[in-house]
Protein chains: 2
Amino acid sequence: MSKESIEQSLKLFIVLSRAHRSINDHVNTFIAANGLNPTEFAVLELLYHKGPQPLQQIGGKILLASGSITYVVDKLEQKEYLVREACKKDRRVTFATITEKGKEFIERIFPKHEEQIDQVMNVLTEEEKATAITLLKKLGLSLN
Amino acid sequence: MSKESIEQSLKLFIVLSRAHRSINDHVNTFIAANGLNPTEFAVLELLYHKGPQPLQQIGGKILLASGSITYVVDKLEQKEYLVREACKKDRRVTFATITEKGKEFIERIFPKHEEQIDQVMNVLTEEEKATAITLLKKLGLSLN
DNA sequence: TAATAATGTCTCGATTTCAAAATTAGTATA
DNA sequence: TATACTAATTTTGAAATCGAGACATTATTA
């Protein structure tokens with residue numbers, strides 16, 4: 001654990017934070033221009049791709065506290081992008097289901113969202129992307 | 001811009017987000033255990049390493065809106081980790097300066113903070129860290 | 001020089017998030 | 001079966017952040 005090693009680690013932390021912030025700002029600006037915040041978008045995307053979900057599962061998947069789920073789901077329900085549906089088997093559970101309007105929204109927005117990300121990531125070659133994925137995966141796993 | 005390329009880009013976005021979140025949660029838990037939030041810590045570290053700063057410069061460096069700077073500097077001033085000082089040359093300007101108590105705090109905490117980060121980053125070899133730094137730098141720059 | 005523009009900080013209201021407590025429903029135990 | 005435990009959701013209050021506007025000061029320019 002030399003001094004240089006620590007400095008490298010710190011530098012890596014900084015460039016990782018900057019890269020993340022930079023990309024996120026870009027992506028979030030696009031999402032905001034379409035009337036949602038990043039969390040709302042994440043929830044809607046989840047429902048679109050994985051089907052109806054119990055509220056609690058949503059919290060688990062996008063890492064949100066239970067109180068926040070209620071809030072975000074309320075917002076999306078007001079916008080008519082999803083509906084709450086009671087679970088018949090277990091009356092404690094509420095499912096969130098994407099509506100037609102929600103589907104249309106995602107289908108309209110998602111391709112551009114992907115393009116935005118691709119546009120940024122394409123400063124790297126395919127090989128560099130593959131390398132970055134491998135390294136970042138290790139970092140993401142290093143704590144669990 | 002093939003289909004595979006976009007998928008790689010999306011995957012990279014996801015692993016980048018996860019890595020960042022994972023590391024950040026780790027680091028923030030440590031900082032919180034010492035009574036600060038990440039932003040307060042960032043401001044204090046900036047003042048420690050770069051000396052007294054006009055409030056506005058702080059906002060520029062850690063990317064915070066002007067209203068938020070006022071708020072964070074208030075918090076740190078209440079904790080007696082910094083003081084506001086009027087600028088004599090330009091009476092619009094206020095400097096934030098770290099106090100002795102603030103210095104002691106950073107000197108006590110910072111080495112452990114570095115260790116925390118190093119501990120996580122050391123799942124990578126030195127060479128891998130260097131590679132990651134190079135790639136992430138490109139991503140961070142790709143938008144400005 | 002006087003008017004106008006720009007700059008730095010603060011205030012205020014709105015948004016988003018969390019954590020803890022409350023509520024309601026289901027499960028297990030004595 | 002009553003009683004306590006667990007689970008899912010909502011409510012509530014606090015914290016953190018932003019953006020727009022207010023205010024004082026400084027800079028520019030006509």
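Which element gives the largest share of the surface near DNA strand C? The answer is α4(A), which contributes four residues; here a residue is near a strand if one of its heavy atoms lies within 4 Å of it, and helices (H or I, at least four residues) and strands (E, at least two) are DSSP runs, numbered from the N terminus. Before going further, note that this is a predicted model, in which local features need pLDDT of at least 70 and side-chain atom pairs count only at pLDDT 80 or more, while totals for chains, interfaces and linings use all residues. Residues are numbered from 1 along each chain as its sequence is written, chains are lettered from A and ligands numbered from 1 in the order in which they are written, and side-chain values use heavy atoms, with hydrogens and water left out.

DNA strand C is surrounded by 21 residues, and the closest are Thr39(A), Ser68(A), Lys75(A), Gln56(B) and Thr94(B). By class, this surface has seven nonpolar, eight polar and six charged residues, where Ala, Val, Leu, Ile, Met, Phe, Trp, Tyr, Cys and Pro count as nonpolar, Asp, Glu, Lys and Arg as charged, and the others, Gly among them, as polar. At least two residues each come from α4 of chain A and from α3 (55–62) and α4 of chain B. Of the atoms of DNA strand C within 4 Å of the protein, 75% belong to sugar or phosphate, and the rest belong to bases.

Some polar contacts (pairs of N or O atoms within 3.5 Å; within protein, one must be able to donate a hydrogen and the other to accept it, and residues adjacent in sequence count only if both atoms are side-chain atoms) can now be followed. An N or O atom in the side chain of Ser68(A) is 2.4 Å from a phosphate oxygen of DNA strand C, and for the side chain of Tyr71(A) the distance to a phosphate oxygen is 2.9 Å. From chain B, a polar backbone atom of Leu55(B) is 3.3 Å from a phosphate oxygen of DNA strand C.

Turning to DNA strand D, 21 residues lie around it, of which Gln56(A), Asn37(B), Ser68(B), Tyr71(B) and Lys75(B) come nearest. Sugar and phosphate make up 75% of the atoms of DNA strand D that come within 4 Å of the protein. Bases are reached as well: a polar side-chain atom of Ser66(A) lies 3.2 Å from a base oxygen of DNA strand D, and an N or O atom in the side chain of Arg92(B) is 3.4 Å from a base oxygen. The largest share of the surface near DNA strand D, four residues, comes from α4(B).

How are the two protein chains related? Chain B is superposed on chain A by a rotation of 180° with 0.1 Å of shift along its axis, at an RMSD of 0.1 Å, using least squares on the C-alpha atoms of residues with pLDDT of at least 70 in both. That is the relation of a two-fold axis.

Within chain B, an open sheet of three strands has the order β1-β3-β2, with antiparallel pairing; two strands pair if DSSP finds at least two bridges between them. β1 (53–54) and β2 (82–86) of chain B stand at the edges, each with a single partner strand, so one side of each has no neighbour in the sheet. In β3(B), Ala96(B) is the bridge partner of Gln53(B).
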